[in-house]
Amino acid sequence: MKPFLPLLASLSPLATMAQQRPNVLLIIADDLGYGDVSAYGSQTISTPNIDRLAHGGVCLTNGHAASATSTPSRYGLLTGMYPWRKKTNILPGDAPLIIGEEQFTIGRMFQHAGYRTGAIGKWHLGIGRGMIDWNHTIKPGPNEIGFDYSCILPATVDRVPCVYVENGNVVGLDPNDPIEVSYQKNFDGQPTAITNPELMTKVTWSHGHNNTVINGIPRIGFMRGGRSALWSDENMASYLVGKVKEFIDHQPTDQPFFLYYGLHEPHVPRIPHPQFVGKTTMGPRGDAIVEADWCVGEVMQKLEEKGLLENTIVIFTSDNGPVLDDGYNDQAVELVGNHDMNGGYRGGKYSLFEAGTRVPFFVYWQGHIRPIVSDALVAQQDLLASFADMLGQSLPDGLDSENHLKAFLGKTRKGRKGMVVEAVGRLAYRTQDYALLPAYKGSKRNITGNEMGIVDTLSLFNLKDDHMQQENIIGKKPKLARKMQEELERERKK
Ligand code: NG6
Ligand code: CA
């Protein structure tokens, strides 16, 4: 790779960029809310490493995930397609891969541009083709859709099997103790959280999460065997960050990399390493956020040690909004205190209201980006078209991804004109300052501690003045509402 020149003000930034192939590290947290980082001004949590990215780069204040839950959100990010076109939903741990092997992905795009690509951490897009045999190489997975290397949690931390899958193989598996997984029924004679509650030594369940107990934690789904392969929940952060460091260490010096790094925090079960326990007054949820921040610091230090900081674009974001009680009795509700995980917006994970998809979103590129706070409306699925533009790569027709490279690099505060956001199958339409929501009964999941609320009629909210989406102004702006409704319908029919 050519050595990098610091970007001079006199150089045309786009002309300079065209000759550059910086590494791209995409860090995506799990259920981290807009208010869960101190970068946007929260006083109740301290995330100095994440803030470094926000304050030293483009701090996006109107950046969105495609959906308010993980699978659809990540599907949008990786494929550049609206997930609701495919009707994706939260996947069980044994679900087949929902991205087709022929489908275009952000990993493929980077591969075409000559990059080495990797996917580490939370995946949740399915693997295999159904009826997985966990005891042999599982295909297709990340490696078949654009990633040269992968080491993933197949689904979520609260779903079986509780093992890492590296390049299709379960890590640390003893062939004499094969893994069996079922989401239908328990294996004969196998204890569960219901039959043997005493096994729950670390945390108990509040809803769902009452099947097989692994490492003292009740999970969703049934699993037997594979004892030597079980992950350690406490060590997951350092295990995954270790894999990230290895990936960077193995990078040939003459080739750039693209790395997707899915943090597992602060999704349930929140079991931070003892070194983070008690770092906040918020219990495991707050401590898990501090752990996530530590992970970011570790990676940044690695890039610094390798002299790669000026040569690497680091993006930080989250797959969906935050939630307190998401199925475990972990005191998230009791200890939250004044902490506003939603950052003043309404809703949260699962919700069509703003905090469901408006997430932390930062783009850092040392020496190349002048720090800027930008309210450009952008979506995670836009990263695909934007980096394709940077690298001179062509895209297939029909993607929902838009090129907003200039917004991501802080050269403009202009982003999308509009976009569709999704929450558990329901769609809303967003423009820079407005949100159009259908009549909406909230989510059944308001047991989770999120204020879901109800809108009993089609509603228009001005998000600039009304963060909590309290006043339906559709009567005041009927033309705008009609236009947004038409745009939504046009997208739906595409
Ligand atoms: C829900 C789980 C929740 C979480 C979510 C997926 C229950 C009651 N709730 O079904 O705990 O795992 O799925 O979260 O089981 S996500 O961030 O990966 O979308
Ligand atoms: Ca999530």
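Where is Asp 30 found? The first legend below takes that up.

A note for all views: this is a predicted model, in which local features need pLDDT of at least 70, side-chain atom pairs count only at pLDDT 80 or more, and totals for chains, interfaces and linings use all residues. Residues are numbered from 1 along each chain as its sequence is written, chains are lettered from A and ligands numbered from 1 in the order in which they are written, and side-chain values use heavy atoms, with hydrogens and water left out.

**View 1. Asp 30 and its contact with Lys 122.** Asp 30 is found in the loop between β1 and α2 (48–56); helices (H or I, at least four residues) and strands (E, at least two) are DSSP runs, numbered from the N terminus. Asp 30 counts as buried, with 0% relative accessibility. Buried here means under 20% relative accessible area, exposed over 50%, and partly exposed in between (1.4 Å probe, protein chains only). The side chains of Asp 30 and Lys 122 are joined by a polar contact of 2.6 Å. For that term, take a pair of N or O atoms within 3.5 Å; within protein, one must be able to donate a hydrogen and the other to accept it, and residues adjacent in sequence count only if both atoms are side-chain atoms. Leaving aside neighbours within four places in sequence, Asp 30 is also in contact (heavy atoms within 4.5 Å) with residues including Arg 74, His 264, Glu 265, Ser 318 and Asp 319.

**View 2. Ligand 1 and the residues around it.** Lys 122 turns up again here: an N or O atom in its side chain is 2.8 Å from an oxygen atom of ligand 1. A backbone N or O atom of Ser 70 lies 2.9 Å from an oxygen atom of the ligand, and a polar side-chain atom of His 124 sits 3.3 Å from a ligand oxygen atom. Taken alone, ligand 1 exposes 450 Å², and the protein buries 90% of that (areas by the Shrake-Rupley method with a 1.4 Å probe; for residues, only the protein chains shown count as cover). In total, 21 residues surround the ligand, the closest being Lys 122, Asp 158, Arg 159, Asp 326 and Lys 349; a residue is near if one of its heavy atoms lies within 4 Å. By class, this shell has 4 nonpolar, 9 polar and 8 charged residues. The classes put Ala, Val, Leu, Ile, Met, Phe, Trp, Tyr, Cys and Pro under nonpolar, Asp, Glu, Lys and Arg under charged, and the others, Gly among them, under polar.

View 3. Gly 80 follows α3, and its phi is positive, near 70°.

**View 4. Strand β13 and its two partners.** All of β13 (residues 312–318) is covered, with 7 of its 7 residues buried. Thr 312, Val 314, Phe 316 and Ser 318 point one way, while Ile 313, Ile 315 and Thr 317 point the other. Strand β1 (residues 23–29) runs parallel to β13 and is joined to it by 7 bridges; two strands pair if DSSP finds at least two bridges between them. Within that pairing, Val 24 has Ile 313 as its bridge partner. Strand β14 (residues 361–364) runs antiparallel to β13, with 4 bridges, and Val 314 stands opposite Tyr 364.

**View 5. Asp 400 and its contact with Arg 85.** Asp 400 has its place in the loop between α8 and α9 (405–408) and counts as buried at 6% relative accessibility. Its side chain makes a polar contact of 2.9 Å with the side chain of Arg 85. Asp 400 and Met 81 are 319 residues apart in sequence, yet 4.8 Å apart in space, C-alpha to C-alpha. Further contacts of Asp 400 include Gly 80, Tyr 82, Arg 416 and Glu 491.

**View 6. Strands β19 and β20.** These two pair in the antiparallel sense over 4 bridges, with Ala 435 standing opposite Phe 461. Both faces of β20 (residues 459–462) are covered: Ser 459 and Phe 461 are buried on one side, Leu 460 and Asn 462 on the other.
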